Each structure stands twice: as C-alpha cells, then as structure tokens.
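Open the structure in your viewer and keep the selection tool at hand. The tour below goes from stop to stop, saying what to select and what is there.

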Amino acid sequence: MSGQSTYEAAVARSKTLEAAIQANPAAFRVLTGDRPTGRLHIGHYFGSLQNRVRLAGMGVRTFILIADYQVLTDHEAFSEISENTKQLVIDYLAAGLTPGENVTIYPHSYVPEANQLMLPFLTLVSSAELNRNPTVKEEIQAAGLKSVNAGMLTYPVHQACDILFCKGNVVPVGKDQLPHLELTRTIARRFNEKFAPGRPVFPEPEALLSKTPHIPGLDGAQKMSKSRGNAILLADSEDETAARIKKAKTDADRHITYDPENRPEVANLLNLTALCEDNDPRVIAGELGDGGGGALKRRLTEAVNEKLRPLRERRKQLEKDPAYIRSVLLSGAETARKIAAGTLEEVRRVMNMEI
Ligand code: TRP
C-alpha cells in the first residue's frame with residue numbers, strides 16, 4: 001500500500017473509533033504524550049490539546065505522559081527538561097485538563113515498572129524494522145545527527161511501553177506518529193501470540209487522528225514550531241502575540257480571498273482566525289475584502305488574544321503555584337506506577353519468570 005492510501009485507511013479507522021468512543025466512553029483508555037522540549041503553541045492547542053480536553057470531558061480515562069527520556073535521543077541539551085516538564089503541565093491545566101479521577105499526568109522517567117517492559121519488548125522487533133521507521137529517519141535528518149545513538153532507534157519500542165503499560169487502546173496522535181503506533185500494535189500482537197496465545201495481555205491500540213488540519217508556521221514554513229520562531233505560544237502575552245503576527249508572511253494582493261492552493265500564507269492566517277472565532281475562513285475573507293494583510297493580521301491578533309484570554313489567565317495563576325504543579329506530577333506518577341506494577345506482574349507470569 002502506498003503511504004497515502006495507508007493514511008486514508010488510518011483516517012477512516014479513526015472516524016469509526018471516534019463514533020465508538022462517543023457511544024461508550026468507559027470502554028476506552030486514552031494515552032498520549034509530548035516531549036518536554038518547550039512551551040506549547042496554538043498548533044498544539046487546536047491540533048491536540050483541545051481534543052484531549054474534549055475526551056477527558058466525556059469521561060474517558062486519560063493518561064498524559066511527558067516523554068522526558070525521549071528528549072535525550074536527539075537533543076544535546078538536557079538542562080531544561082525539568083522546567084519544560086513543569087511548563088507543559090501548566091499548559092495542560094490551563095487548557096482545561098483536570099488531573100484526578102480520570103486524568104493522570106506524569107513523566108515516563110518516574111515509572112520504572114513501565115520502563116522495564118522495554119526488555120521483553122526489544123526482543124520482539126528486529127533491528128531492520130527499527131532502521132526503516134520513517135519518522136525516526138526524518139528526525140535523525142532534521143537534528144543533523146552525525147551518529148545515531150541506540151536510544152534514537154529504539155525509542156519507538158519505548159513508546160510501546162508508554163502505551164501498553166496501562167493497556168491504552170486509543171492514542172490521539174498526528175500523522176507523524178503513525179509508524180510508532182503501528183510498531184506498538186505489532187509488539188502487542190507478537191507478545192500475545194508468543195506468550196499468551198488465546199488470552200491476550202495487551203490490546204492493539206488504535207490511532208485517533210486530529211480533525212484539525214495541519215497548522216503551518218506564521219512564516220509559511222511547513223510546521224509551526226517554537227524553535228523556528230514562527231509560532232504563537234500559549235504562554236505569550238497579548239503584545240507578544242501581536243508582534244509575532246505582525247511579522248507573519250502574507251502576499252502583495254490587498255484583496256483578501258481564501259485560496260489555500262495559490263495563497264497558502266493568507267489561507268493559513270484565515271484558518272487560524274476561523275479556528276479562534278469558530279467561524280468559516282471564507283466568511284472572514286469576505287468581511288475583510290480590500291483591507292489587505294494589515295486588517296487580516298489585526299483580526300487574527302484580536303481573535304487569538306480573545307480565545308486564549310481565559311487560558312492565559314489560568315496560566316498566570318498556575319505559575320504562581322509550583323508546589324501544586326509538582327504534586328500533580330508526583331501523584332500522576334504514583335497512579336501510573338501502581339498500574340504498571342500490575343502489568344509487569346502479569347507479563348512476568350506469562351513469560352514464566354515468576355519465582
Ligand atoms: N513520540 C512522541 C513525540 O515525539 C511523544 C510520545 C512518547 C508519545 N510516548 C508517547 C506520544 C506515547 C503518544 C503516546 O511527540
């Protein structure tokens with residue numbers, strides 16, 4: 001199957017999954033995660049955060065994992081991991097996730113029992129399979145790594161530990177994570193076939209793809225990212241937001257139209273405005289008419305600041321309470337450890353390693 005048709009199949013499965021979750025939220029366990037490499041931006045907000053808040057609000061059991069070990073695979077710098085982890089939690093809580101009964105937030109480095117699944121899982125995949133993972137290849141290229149450490153090649157196996165320790169069966173992810181999810185499914189299947197035929201230990205989790213289309217950077221680059229300086233951060237002030245949008249790329253045509261094909265930069269700003277206003281980009285374009293890039297940018301600035309105002313207000317309050325943020329992570333880790341210990345015991349039993 002070609003990459004595109006594989007993707008289309010994943011989109012179709014994701015739609016079926018969404019309907020099943022809505023019909024019976026209690027039957028699902030969501031696990032998803034982020035690397036603590038910086039603050040979240042509005043691309044994350046519309047692409048994944050909002051969806052997590054929605055699922056948790058439906059009562060789905062939700063695990064949000066902070067992939068701190070994964071940072072070591074392609075980042076030389078590790079001095080900011082702790083601070084970035086705390087800032088991530090602030091972004092999550094400010095966006096509306098409420099840790100407690102059905103929401104668990106923790107760094108994976110704090111869950112040794114889940115990490116231990118790595119050892120049997122590594123024996124279920126070949127080095128050839130790891131070498132051909134397209135997302136890993138892209139990351140190696142993007143980071144310009146001269147030599148590839150084994151952690152880089154094997155982190156997708158670790159991601160299977162992240163997902164399977166709690167028997168997660170739904171993983172909300174973007175397109176780039178599909179190869180990792182496929183590997184997790186393979187590991188679950190092989191584990192069950194080898195060690196637990198007829199009485200599976202692990203589910204084969206499914207991807208829940210975001211409904212929000214991919215959000216490019218303000219400079220027209222493929223991807224919005226903090227390091228490229230083309231993002232609007234949730235943590236930005238209203239003035240910083242205005243300054244970032246002011247520098248956004250548009251084009252010379254003063255008449256604003258929604259034409260993603262021929263005017264991708266203008267279309268991107270219109271899409272962002274539409275997401276913030278819960279409006280249609282064509283309607284906004286019609287209203288702006290001959291106002292030019294300036295009017296479009298003013299409208300977007302107003303829309304973003306309006307949309308994020310309550311979140312940013314909560315963010316400020318949360319920043320003042322580091323002890324609370326720490327307690328969220330510690331109690332999340334405690335919950336995760338209990339679940340992981342149970343799974344590890346089960347795994348040991350089926351592998352005939354009990355003493
Ligand atoms: N690999 C993901 C990323 O680079 C982060 C991640 C780690 C993750 N473990 C996960 C995502 C488990 C979903 C589920 O963004």
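Begin by selecting Arg299 and Glu287: their side chains meet in a salt bridge, with N and O 2.9 Å apart. A salt bridge here is a side-chain nitrogen of Lys or Arg within 4 Å of a carboxyl oxygen of Asp or Glu. Arg299 sits in helix H14 (residues 292–319) and Glu287 in helix H13 (residues 281–288), so the pair, 12 residues apart, links distant parts of the chain. Helices (H or I, at least four residues) and strands (E, at least two) are DSSP runs, numbered from the N terminus.

Before moving on, note that this is a predicted model: local features need pLDDT of at least 70, side-chain atom pairs count only at pLDDT 80 or more, and totals for chains, interfaces and linings use all residues. Residues are numbered from 1 along each chain as its sequence is written, and side-chain values use heavy atoms, with hydrogens and water left out.

Now colour the pair by accessibility. Arg299 is partly exposed, with a relative accessible area of 21%, whereas Glu287 is exposed at 52%. Buried means under 20% relative accessible area, exposed over 50%, and partly exposed in between (1.4 Å probe, protein chains only).

How many salt bridges does the count come to? The count is 23. Side chains of opposite charge can pair when their charged atoms come close.

Select Lys167 and Glu346 next. The closest N and O atoms of this salt bridge are 2.8 Å apart. Lys167 lies in the loop between H9 and strand E4 (170–173), and Glu346 lies in helix H15 (residues 322–350), so the pair ties together parts that are 179 residues apart in sequence. Both ends are partly exposed: Lys167 has a relative accessible area of 26%, and Glu346 has one of 22%.

Then select Glu265 and Lys249, whose side chains form a salt bridge at 3.7 Å, N to O. Glu265 belongs to helix H12 (residues 264–277) and Lys249 to the loop between helix H11 (238–246) and H12, so this pair ties together parts that are 16 residues apart in sequence. Is Glu265 buried or exposed? At 18% relative accessibility, Glu265 counts as buried, while Lys249 is partly exposed at 43%.

To see a network, select Glu182, Arg185, Arg189 and Glu204 together. Salt bridges that share partners join these four residues into one network.

**The ligand**

Which residues are the closest? The ligand is surrounded by 13 residues, and the closest are Arg35, Gln70, Gln159, Asp162 and Gln177. A residue is near a molecule if one of its heavy atoms lies within 4 Å of it.

Zoom in on the polar contacts (pairs of N or O atoms within 3.5 Å). In the side chain of Arg35, an N or O atom is 2.9 Å from an oxygen atom of the ligand. A polar side-chain atom of Gln70 lies 3.0 Å from a nitrogen atom of the ligand, and one of Gln177 lies 3.1 Å from a nitrogen atom of the ligand. On its own the ligand has 360 Å² of accessible area, of which the protein covers 92%. Accessible areas come from the Shrake-Rupley method with a 1.4 Å probe.

Next, colour the shell by secondary structure. Strand E1 (29–34) and helix H9 (150–164) each supply at least two residues of the shell. H9 gives the largest share, four residues.

Now colour the shell by residue type: six residues are nonpolar, five polar and two charged. Here Ala, Val, Leu, Ile, Met, Phe, Trp, Tyr, Cys and Pro count as nonpolar, Asp, Glu, Lys and Arg as charged, and the others, Gly among them, as polar.

**Cysteines**

A disulfide is a covalent bond between the sulfur atoms of two cysteines. With the cut-off that the two sulfur atoms lie within 2.5 Å, the count comes to zero disulfides. Select Cys161: it is in no disulfide, and the nearest cysteine sulfur, that of Cys166, is 12 Å away. Cys161 is buried at 0% relative accessibility, and Cys166 is buried at 1%.

**Two backbone angles**

Most residues other than glycine have a negative phi. Select Asp278, in the loop between H12 and H13: its phi is positive, about 55°, although it is not a glycine. Asp278 is exposed, with a relative accessible area of 74%.

End at Asn352, in the segment after H15. Asn352, also not a glycine, has a positive phi near 60°, and it is exposed at 69% relative accessible area.

Terms used
A polar contact is a pair of N or O atoms within 3.5 Å; within protein, one must be able to donate a hydrogen and the other to accept it, and residues adjacent in sequence count only if both atoms are side-chain atoms.
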